[in-house]
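Hi,

Here is the structure I promised to pass on. Have a look at it first, and then read on for what turned up in it.

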Amino acid sequence: MFFAAVIAVSAMAFSSCSSRESQPREVRIDQEFADMYMKESGGVTGADGTISILLDDGSSLFMTGDCFAGTVEDGKISYDTPMLRNSLIHISKDGKNLGSIFGGTPENPETLCIPAEADTSRFVYWYWPGHGFQLGNTLFLYMTKFYQAEDGQWGFRFDGTDLVRLDMENYDVISQHEVYDGSAEIHWGHSVLKDGGKYYIYGTRSGIYYDPAQLFVSEAAFSEDSEAPLSVRYYDGQGWNPDPASAVPCNGPAVSVSEQFSVFKYKDTYVLLTQSRDQTGEIWSFTSDSPAGPWNNGKLLYVTHEQEDPELFTYNAMAHPQFINDRNELLINYNINSYNLKRPYDEVWTYRPVFLRVPMEMILPEK
């Protein structure tokens with residue numbers, strides 16, 4: 001079972017894509033955090049996403065993607081439980097579940113944020129979360145827009161990114177504004193790094209012509225009262241350029257960056273954490289001296305194993321540096337899902353994140 005307390009894995013450093021050096025380290029599963037994070041009733045009971053935003057008071061909001069809000073009995077939820085497209089889970093600084101935030105009522109929950117296109121398009125539209133931040137009493141969320149273009153589990157299509165502003169008093173939507181129309185196929189806003197008064201907005205681009213998936217970064221300024229960034233400049237390989245067409249991929253990392261990932265700063269080092277898109281379950285870290293890279297010092301931190309079950313897959317590992325503990329262990333997670341759409345109802349653990357503790361010494365460059 002994946003509930004084992006401590007798992008020994010190999011951390012692999014490499015000087016090039018073809019040369020990797022094995023360095024044994026220990027990663028352990030944090031089952032206590034996982035048990036706290038998902039409720040058995042009265043809140044979100046299953047979800048992916050698992051994207052955290054540190055708030056000014058030291059607590060965190062975790063953004064979810066598709067999620068269930070219902071009651072779990074004997075590890076199962078009813079087939080009548082509605083799936084919401086996004087929600088928030090509020091976690092205190094000391095790791096207590098302060099409740100779930102979604103629309104409607106606990107008895108009749110509804111999706112928290114819905115694109116304007118949902119009311120006008122012949123297609124079904126929804127938001128999946130990117131990342132976000134607090135500015136004053138306003139929560140800024142980058143939300144990626146998708147619509148159901150074809151039948152089936154994988155028939156969805158990307159249609160741009162909105163910046164959604166929520167009033168933190170009641171989580172009502174203040175504004176929704178399209179900030180990227182999707183024409184460049186870059187999914188901006190999947191990681192936001194605030195550093196020295198600046199906001200760095202990251203995104204990825206993937207597809208048949210972009211393998212491995214590429215990492216991009218822009219630099220933005222915001223006002224609490226503005227529904228869109230005051231300014232955006234894109235990394236063009238040499239510096240920052242206001243022309244969106246000038247954006248070029250960052251140098252490195254040497255893996256295919258997942259759709260959702262994390263960039264954070266630890267002391268003077270910038271850290272990228274990502275899960276490879278190739279379904280091998282590999283979770284990697286890279287470091288840089290700059291928010292724009294180059295991203296080097298690749299370390300293989302962990303390999304998931306749930307995908308050994310042919311009905312399951314794992315994806316989109318995320319970092320939560322605000323929960324680094326006194327043992328200097330970083331909290332990360334990865335998500336589990338099933339190709340069998342009934343299985344998350346029958347076995348709720350197949351649609352809940354796994355949380356890991358990774359010693360920071362595994363990630364940081366050797367001195």
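This is a predicted model: local features need pLDDT of at least 70, side-chain atom pairs count only at pLDDT 80 or more; totals for chains, interfaces and linings use all residues.

N297 sits in strand β24, and its backbone is worth a look: phi is positive there, about 55°, although N297 is not a glycine. Is N297 buried or exposed? With a relative accessibility of 19%, N297 counts as buried, because the cut-off for buried is under 20%.

You'll find N328 in the loop between β25 and β26. At 31% relative accessibility, N328 counts as partly exposed.

While you're looking at the backbone, there are two cis peptide bonds to check. One runs from G293 to P294, with omega near 10°, and P294 belongs to the loop between β23 (282–288) and β24. Another runs from G252 to P253, with omega near 0°. P253 is in the loop between β20 (240–241) and β21.

Now for the inside. The largest nonpolar core is made up of 21 residues. Which residues have the most contacts inside it? They are I283, Y302, I332, Y334 and L356. Elements giving two or more residues to this core include β2 (19–29), β24 (296–303), β25 (312–320), β26 (329–338) and α3 (360–363). β26 supplies the largest share, with four residues.

Setting aside residues up to four places away in sequence, Y334 touches I283, Y302 and L356, among others. The list also includes Q275, T304, E306, T314, Y315, N316 and A317, as well as P353 and V354.

Next, the cavity. How many cavities of 30 Å³ or more are there? The count comes to one, and about 30 Å³ of space lies in the largest cavity. Its lining is formed by M63, T64, N86, S87, L88, L112, P129, L141 and M143. Two or more of the lining residues come from each of β5, β8 (87–91) and β13 (138–148). By type, the lining splits into six nonpolar residues, three polar and no charged.

β4 (residues 51–54) and β5 (residues 60–64) pair in the antiparallel sense, over four bridges. L54 stands opposite S60 in β5. The two strands form a hairpin with five residues between them, and G58 in that turn has a positive phi of about 95°.

V173 counts as partly exposed, at 36% relative accessibility. Leaving out neighbours within four places in sequence, V173 is in contact with C113, V164, R165 and L166. What separates the C-alpha atoms of V173 and I114? They are 9.6 Å apart, while along the chain V173 and I114 are 59 residues apart.

That's what I have for now.

Cheers

Conventions:
Residues are numbered from 1 along each chain as its sequence is written. Side-chain values use heavy atoms; hydrogens and water are left out. A nonpolar core is a set of buried Ala, Val, Leu, Ile, Met, Phe, Trp, Tyr and Cys residues joined through side-chain atoms within 4.5 Å. Buried means under 20% relative accessible area, exposed over 50%, partly exposed in between (1.4 Å probe, protein chains only). Contact means heavy atoms within 4.5 Å. Two strands pair if DSSP finds at least two bridges between them. On a 1 Å grid over the protein atoms alone, a cavity is a set of points where a 1.4 Å probe fits but cannot get out, and a pocket is an open set with protein on both sides within 12 Å along at least five of seven lines; lining residues have an atom within 4 Å of a point. Grid points are joined across faces, edges and corners, and a volume is the space filled by probe spheres set on the points. Ala, Val, Leu, Ile, Met, Phe, Trp, Tyr, Cys and Pro count as nonpolar, Asp, Glu, Lys and Arg as charged, and the others, Gly among them, as polar.
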